[in-house]
Amino acid sequence: MTKAYAAQSETSELAPHAIERRELRADDVAIEITYCGVCHTDIHYAENDWGGTIYPVVPGHEIIGKVTAVGDNVKDFNVGDTVGVGCMVDSCRECSSCEKGLEQYCLNGMVPTYNGEDLHDKSITYGGYSEKIVVSDRFVVRVSEKLDPAKAAPLLCAGITTYSPLRHFGVQKGHKVGVIGMGGLGHMGVKFAKAMGAEVTIFTRSESKVSEAKKQGADHVIISTDDKQMEAAAETFDFLLDTVPVQHDLNPYINCLKVDGTHILVGLLEPVDPALQAGALVMKRRVLAGSLIGGIPETQEMLDFCAEHSIHCDVEMLDIQNINDAFVRMKKGDVKYRFVIDMDSLKQS
């Protein structure tokens, strides 16, 4: 049995809970978890905001740990390696998406790290708010010694969520990129876009975030509630990376794109409201796009890119006993910019 923290219902707080991890299969890697990032998705599942949560639920999909054992067929990982596990732990591996290394878009549905169903034994998957995890080697990534493992944990979700669309749409030197929102995703978007050579502007509703945006590396800051600033930004940007997770008016931002500009949604999963003025797309051949995390090859590429460019997430360390307080603070936006659980706090409990 493995120590973990779980929510037992949509109204209960997370509390200590024992789970059972499977015996090693031939392609499995057993990992002792050292750090686990706290994603807003964890709150949504714990509180059943999206429906479909299977209780008890053990959240956590930003996992860093040490390999403790490997299955007989595992060749690329050894005991003692520092590794990571992100938002998914399996897929069909046979469809056109999986064959391209785009497991996140598996046509038969990828298996999430928690609240999913194992494809082999039909058990429910449990996440990283636990002492250890067992994962197929195909869904494990290597973490460079150049990376601080605690600060690397959120890269497995917040990092890849922002890296993947910037890489896919070809952001490079000379491009002008706007990042909408200054939270866990937004600050990573700034770091990646800058490292790719772009000129980066943060869009924020708050004057108080101007100095922080510049500290994160933004070249410019636009207060999105200031009509004059927004008008001055019209037809300026090649790309907009929109990290805002709640409904917001896209129209003022769409007008900031050049001809052939692309507005990429990575935070919003709800219907667009208010309605989008399609003429602003049609008349300038603009694109409204979306993006979901990244496949395993791209996640490894992202971690290597971070090691090469000294990129990490800004984190606040947390003992797991304080996870419910952390959830409350996250709802208020009171964290810069990601909580990370030191799993020693669970082992010693």
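Predicted model: local features only at pLDDT ≥ 70, side-chain atom pairs only at ≥ 80, totals over all residues.
Residues are numbered from 1 along each chain as its sequence is written. Local features need pLDDT of at least 70 and side-chain atom pairs count only at pLDDT 80 or more, while totals for chains, interfaces and linings use all residues; side-chain values use heavy atoms, without hydrogens and water.

An unreviewed UniProt entry lists residues 7-341 as "domain: Enoyl reductase (ER)"; UniProt positions follow the numbering used here, feature names are shortened, and annotations may be inferred rather than shown by experiment. Over residues 7-341 the chain is 24% helix and 24% strand, with the end C-alpha atoms 16 Å apart. Helices (H or I, at least four residues) and strands (E, at least two) are DSSP runs, numbered from the N terminus.

Strand 4 (residues 63-70) pairs with strand 3 (residues 28-38) in the antiparallel sense over seven bridges, where a pair requires at least two DSSP bridges. Here Ala30 is opposite Ala69 of strand 4. Strand 4 also pairs with strand 5 (residues 82-85), antiparallel, over four bridges, and Gly65 is opposite Val83 of strand 5.

A nonpolar core is a set of buried Ala, Val, Leu, Ile, Met, Phe, Trp, Tyr and Cys residues joined through side-chain atoms within 4.5 Å; buried means under 20% relative accessible area, computed with a 1.4 Å probe on protein chains only. The largest has 89 residues, and Val38, Tyr129, Phe192, Ile323 and Phe327 have the most contacts inside it. Helix 10 (residues 296-309) gives the most to this core, six residues. A second, separate core of 16 residues includes Met230, Val244, Ile254 and Cys256.

Methods: Buried < 20%, exposed > 50% of the residue type's maximum accessible area, 1.4 Å probe, protein only.
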